[in-house]
Amino acid sequence: MKATNLQGDLVDISNCYIEIDGITWKDSNNNNAPPRITMKTLPDIGDSKGASYTNESGIGRSMPFKSYSNSEDRVINWTIHFIVCKQQDIQEILSQVRLLEALVYPDMDTYGGEPYAPPAICKLKCGSILATEPVCAVLKNYTLKFDPTVPCDENTLLPYKFDMDLSFEVVYDQNNQNFLAGASQIFKIGY
């Protein structure tokens, strides 16, 4: 797969994206659509999950046996590499950064100024790395890294290359009867 087109612009990786449900904006055809941030370079992705076990003792045992207690949260770390190739990229990248930053704040406009709104749900997809279908998650935190040695735009001071680290926790759709994933479901479809 080529990273750039004939003009040297980065090529969107259309099946690697972060889509935000609960928010709408105008897409390129001027239709209301959930915002989708399509990756222009392959992101760094980390996926982790743990399990908790309790120690059970028994008479005559030299050591306790383990009993499954519960699963820990599934955490997906996703680093976006933003690269400015042309002047119009600056406003697009700034909009994407602001959109992602907003996901860790409550949406007080929708609920009449009350900060008790449910979080925005993100759909994460990067080929079949995480799962065959998009994975639903909430953004728990972000970190922006600006390298002072990289040239920047003189008006916005946006560096022409920088990274944004995102940490998501996976949530499951309770309207789906299979929302609690088991080992066989993870093995078959990755969700």
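I take buried as under 20% relative accessible area, exposed as over 50%, and partly exposed as in between, with a 1.4 Å probe and protein chains only. By that scale C85 is partly exposed, at 36% relative accessibility.

**Ground rules.** I am working on a predicted model, where local features need pLDDT of at least 70, side-chain atom pairs count only at pLDDT 80 or more, and totals for chains, interfaces and linings use all residues. Residues are numbered from 1 along each chain as its sequence is written, and side-chain values use heavy atoms, with hydrogens and water left out.

**Fold.** I looked up the secondary structure, taking helices (H or I, at least four residues) and strands (E, at least two) as DSSP runs numbered from the N terminus. The protein chain has two helices and eleven strands. I read their order from the N terminus as β-β-β-β-β-β-β-β-α-β-β-β-α. Of the 191 residues in the chain, 32% are buried. I then checked contacts, meaning heavy atoms within 4.5 Å. Among those with a separation of 6 or more, 58% link residues 24 or more positions apart.

**Cysteines.** I searched for disulfides, pairs of cysteine sulfur atoms within 2.5 Å. The structure holds one. The bond joins C16 to C126, with S to S at 2.3 Å. I note a left-handed link, at -90° about the S-S bond. C16 sits in strand β1 (residues 13-21) and C126 in strand β9 (residues 121-126), so the pair ties together parts 110 residues apart in sequence. Both ends are buried: C16 has a relative accessible area of 1%, and C126 is at 3%.

**Cavity.** A cavity here is a set of points, on a 1 Å grid over the protein atoms alone, where a 1.4 Å probe fits but cannot get out; lining residues have an atom within 4 Å of a point. I count one cavity of 30 Å³ or more. The largest cavity has a volume of about 150 Å³, taken as the space filled by probe spheres set on the points. Its lining has 14 residues, and T38, K40, H81, F82 and Q96 lie nearest the centre. Elements β4 (36-39), β8 (75-83) and α1 (87-102) each give two or more residues to this lining. I sort the lining residues of the largest cavity into seven nonpolar, four polar and three charged.

How values were computed:
On a 1 Å grid over the protein atoms alone, a cavity is a set of points where a 1.4 Å probe fits but cannot get out, and a pocket is an open set with protein on both sides within 12 Å along at least five of seven lines; lining residues have an atom within 4 Å of a point. Ala, Val, Leu, Ile, Met, Phe, Trp, Tyr, Cys and Pro count as nonpolar, Asp, Glu, Lys and Arg as charged, and the others, Gly among them, as polar.
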